[in-house]
Amino acid sequence: MLGIEPRQTNLKKARFIAKYFNLPKNKYQLKQMDILGKAKIPNSDIVVVPGVMHHLDDHLKALKKIYEITNELCIIETMVLTDELNSEEIAKQLELEDIVYQDKQFVNQFGIVGFKLESDVYDGATIYPGIVGIPTTQALVLMMKHVGFEKVQVFLSEKQFKNKVFNKKSYREYHSAIVVDLKNNGEKGLKFQKAIEQSEENIFDIFIPFEIINDLYKKVNHKSNRKLGKISNLIYESELFFKTKKGENAVQKLKKMIGNKKYYNLILTIKHAPYEKICYEYSKTCYHLKKFDEAEKVCFNLIKILNLDWRVVYSTYFLLAKINFDLKNYNKAKKFNSLSLKANPKFLLSKNLMNKIKKYHSNHI
């Protein structure tokens, strides 16, 4: 076993305890090392990190080092902030709207870290006087996944810790947790690329029913004076008037009616650029219903708009590429797909389509 500690005073205490209990000297080593320092720490099968994380100012740097030196199992015990602080209000302020949150495995994955001042006066405190961070358990789990740990589990939550360990009356209100990970050397951590690609595929493959999006498309293009259907009207009110009382009421009604539908999340994005998003979703629905001419016509009208919403830009060019690819117009498909990638070089669907275009194009020359 190897024990590392940045303070010589603490190493002296450890050596005293080892001597007191007559521990065999060939069974352990004690070294002055710092988890945030530059010195190379040897790898170990089991890495135990007790009472350290809440005395650090850079959790990610420490966790990256811990991940690197762990061969099989990592056990972290630390003071934590109560997970009750990961409230709906915090989630709202964090704006969990990134595309990765479309993936079920990432829903509500967030956490907060509280910073406080700490001096280096006490042996059990930080060695870098200044600020230290105390994470919620969820924040710690998320950071561990971020650096590469994949099978992260909360072995003892703060409530379980209180019941099992800190169950006697004390002047302190203890909030601690133990988080473990059995490391495997396969794919690391959060699997962001797969999640993003899957989310992008879902967003494109799911479409709003024609009778709903057709109503909205005609409304915003002044092509019909017909009264909107019930769902279409609630979408119109919730998205175009979302800051008003009328819009807020429409949001609640709409969620009750179609909150379980796959296309519900598409509707929630309309408010950011209503006219453009409605036109794009209409053209996408037309594409999925094989109404290629109508879909293409709407797309061409969209790309003429000055300062078109960025997401609509690359999505519309991709849709034009898909239409032409399905029609075996590979030169046109390549042209539009290149424009999609020019607008968003990281758009995975366009990257994948470009590979298909090259393959099919070469086979049909």
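**Exercise 1: Cavities**

In this predicted model, a search of the whole structure finds two cavities of 30 Å³ or more. State the volume of the largest cavity and describe its lining by class.

*Solution.* 
Step 1. The volume of the largest cavity is about 60 Å³.
Step 2. Its lining is made up of D215, K218, K219, S224, R226, K227 and L228.
Step 3. Sorted by class, the lining of the largest cavity has five charged residues, one polar and one nonpolar.

**Exercise 2: The second largest pocket**

Determine which element gives the most to the lining of the second largest pocket.

*Solution.* 
Step 1. The second largest pocket holds about 1,200 Å³ of space.
Step 2. A total of 42 residues line this pocket, and G3, I4, E5, V48 and P50 lie nearest its centre.
Step 3. At least two lining residues come from each of β1 (2-5), α1 (8-20), β2 (29-32), β3 (44-50) and α2 (59-69).
Step 4. The element that gives the most is β3, with six residues.
Step 5. By class, the lining of the second largest pocket has 28 nonpolar, nine polar and five charged residues.

**Exercise 3: The surroundings of T285**

Is T285 buried or exposed, and with which residues is T285 in contact beyond its neighbours within four places in sequence?

*Solution.* 
Step 1. T285 is located in helix α11 (residues 274-288).
Step 2. The relative accessible area of T285 is 0%, and buried means under 20%; therefore T285 is buried.
Step 3. Leaving aside neighbours within four places in sequence, T285 is in contact with F207, I208, P209, F210 and I213.
Step 4. A polar atom of the T285 side chain lies 2.8 Å from the backbone oxygen of I208.

**Exercise 4: Aromatic pairs**

The whole structure contains 15 aromatic pairs. Describe the geometry of the pair formed by Y67 and F149, and then that of the pair formed by F318 and F347.

*Solution.* 
Step 1. Y67 and F149 are 5.0 Å apart, centre to centre, with 85° between the planes; planes over 60 degrees apart count as edge-to-face, so this pair is edge-to-face.
Step 2. The pair links distant parts of the chain, 82 residues apart: Y67 is in helix α2, and F149 is in the loop between α4 (137-147) and β7 (152-156).
Step 3. Y67 is buried, with a relative accessible area of 9%, and F149 is buried at 0%.
Step 4. F318 and F347 also form an edge-to-face pair, at 5.5 Å centre to centre and 85° between the planes.
Step 5. F318 lies in helix α13 (residues 310-326), and F347 in the loop between α14 (330-343) and α15 (348-363).
Step 6. Both F318 and F347 are buried.
Step 7. Ring pairs link F204, Y287, F292, W310, Y314, F318 and F347 into a cluster.

Key
Residues numbered from 1 in each chain as written. Predicted model: local features only at pLDDT ≥ 70, side-chain atom pairs only at ≥ 80, totals over all residues. Heavy atoms only, no water. 1 Å grid on protein atoms, 1.4 Å probe; cavity = no way out; pocket = protein on both sides within 12 Å on 5 of 7 lines; lining within 4 Å. Points joined across faces, edges and corners; volume = space filled by probe spheres on them. Nonpolar A, V, L, I, M, F, W, Y, C, P; charged D, E, K, R; others polar. Helix = DSSP H or I, 4+ residues; strand = E, 2+ residues; numbered from the N terminus. Buried < 20%, exposed > 50% of the residue type's maximum accessible area, 1.4 Å probe, protein only. Polar contact = N/O pair within 3.5 Å; in protein donor to acceptor, adjacent residues only side chain to side chain. Contact = heavy atoms within 4.5 Å. Phe/Tyr/Trp six-rings, centres within 6.5 Å; stacked < 30°, edge-to-face > 60°.
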